[in-house]
Amino acid sequence: MNSNPSHVWKFFRVGGVDQVTFRDGADLVNLDQLDQKLWMTLAVPTRGVEFDPKTADLIDTDKDGRIRPPELLAALKWANAALKDPGDLLRGGDSVSLAAIADPNILAGAQRILASLGKTGALAISLADVSDTVKIFAATRFNGDGVVIAETSDDASDQQAITDIIGVMGKVDDRSGKPGLNQAKLDLFFAEAQMLSDWAAKGEADQTLTPLGLENTTRASAAIKAVKTKVDDYFGRCRLAAYDERAAAVLNPEEEDYDAVTDKNLSITAQEVAHLPLAKIAVGAPLPLAGAVNPAWADALNELNAAAVASLLGAGKTNLTEADWATLQTKIAPFDAWMTSKPPTPAAALALPRVRELMQSGVQARIADLIKEDAALEGEFNQFAAVEQLVRFQKDL
């Protein structure tokens with residue numbers, strides 16, 4: 001009954017059926033030489049049997065839900081290469097002694113897992129040690145996935161840089177389960193940061209675009225936009241009153257417009273009066289910038305005066321003529337047009353000074369070095385799966 005003359009099999013009889021006795025590793029290694037007519041079964045399902053489904057899936061390499069002899073033999077061949085003595089499989093148990101591992105890559109992976117779990121001096125690795133990869137990677141600076149997290153760096157400023165870039169460019173999931181940054185995201189951020197900085201430099205160099213400097217011109221533009229609809233409405237009403245003085249009476253609020261709010265405790269920005277004109281309508285009347293103005297818009301008009309009128313038309317103005325308003329918009333128009341060409345990049349979510357600080361700090365190269373150092377460990381950390389496979393085979397095969 002022995003198909004391999006160099007190996008002697010031992011059989012025992014149960015219920016009138018002869019079955020092979022597995023005595024040692026040599027029996028397992030030579031199983032491929034045993035005539036399959038002597039096997040008890042030639043297929044077993046991966047589900048619905050008293051066998052760990054995760055281990056079954058590792059053996060079922062074609063993923064058809066059944067384990068057949070070629071797959072079982074391949075699993076034994078793999079285990080034979082991984083262990084110094086394949087006979088260890090016969091002892092079972094849910095742990096593998098480090099001294100029993102023959103494959104240097106699997107041994108290195110096991111040692112790194114144990115180190116990640118704070119078990120540097122352990123002599124064996126168990127199924128519990130390898131089952132939770134998130135826990136394994138949680139405390140590691142490098143884990144071979146080419147993704148770095150803030151904690152990967154020892155430098156506080158670089159940690160903040162990684163956090164800032166992830167915040168605007170979006171995260172890449174690290175093996176630790178934490179949000180991370182890979183080389184593609186890093187390169188994209190700095191490419192778009194350069195575009196943003198170049199765009200800003202054009203405005204900074206051209207005073208027709210930023211007559212007050214980038215920051216102050218931005219503020220002036222925002223102040224003008226905040227009141228534009230209401231100021232246009234005010235001067236439109238004044239023009240209509242000039243066309244027919246009789247219109248002035250109906251263009252100003254009526255008594256009943258105040259009836260809805262006189263019995264309330266009003267705040268200075270009460271929404272009940274926000275829809276009313278900015279000031280009293282009269283023929284040719286300039287717009288007062290303070291004093292007798294709609295209280296809901298007083299703060300916005302004060303900001304208009306401080307940020308735009310005083311800077312672009314001259315300090316000391318207490319009111320705004322329609323010609324002044326047109327001049328103000330003409331002066332800010334080149335800036336507004338230039339702003340429409342701003343690169344549509346997520347990097348713009350960071351303040352420009354911060355973007356430029358990152359560009360000039362050398363942090364791009366430092367983060368790239370960390371990513372490279374992490375990726376260099378890919379082979380070693382890929383062995384984590386092999387370590388789990390070996391421990392499962394020890395337990396179940």
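Student: By class, which residues does the lining of the largest pocket have?
Tutor: This is a predicted model. The lining has two polar residues and three charged ones. The remaining class is nonpolar, and its count is 24.

Student: How much space lies in the largest pocket, and which residues are closest to its centre?
Tutor: The space comes to about 720 Å³. The pocket is lined by 29 residues. Closest to its centre are F22, W39, T41, L72 and L397.

Student: Which elements give two or more residues to that lining of the largest pocket?
Tutor: Two strands qualify: β2 (17-20) and β3 (44-45). Two helices join them: α2 (53-59) and α3 (69-82).

Student: How much space lies in the second largest pocket, and which residues are closest to its centre?
Tutor: About 260 Å³ lies in the second largest pocket. Its lining has 14 residues. Those closest to the centre are L214, T218, K342, L352 and P353.

Student: Which elements give two or more residues to the lining of the second largest pocket?
Tutor: Look for helices here. The elements are α8 (183-205), α9 (214-243) and α15 (352-360).

Student: In the largest nonpolar core, which residues have the most contacts, and which element gives the most to this core?
Tutor: The core has 95 residues. Those with the most contacts inside it are I125, F189, L287, L304, W325 and I367. Nine of the core's residues come from the element that gives the most, α9.

Student: Leaving aside neighbours within four places in sequence, which residues is W325 in contact with?
Tutor: Contact here needs heavy atoms within 4.5 Å. With sequence neighbours within four places set aside, W325 is in contact with I224, V227, K228, V231, D232, F235, L304 and L320.

How values were computed
Residues numbered from 1 in each chain as written. Predicted model: local features only at pLDDT ≥ 70, side-chain atom pairs only at ≥ 80, totals over all residues. Heavy atoms only, no water. 1 Å grid on protein atoms, 1.4 Å probe; cavity = no way out; pocket = protein on both sides within 12 Å on 5 of 7 lines; lining within 4 Å. Points joined across faces, edges and corners; volume = space filled by probe spheres on them. Helix = DSSP H or I, 4+ residues; strand = E, 2+ residues; numbered from the N terminus. Nonpolar A, V, L, I, M, F, W, Y, C, P; charged D, E, K, R; others polar. Core = buried A, V, L, I, M, F, W, Y, C linked by side-chain atoms within 4.5 Å. Buried < 20%, exposed > 50% of the residue type's maximum accessible area, 1.4 Å probe, protein only.
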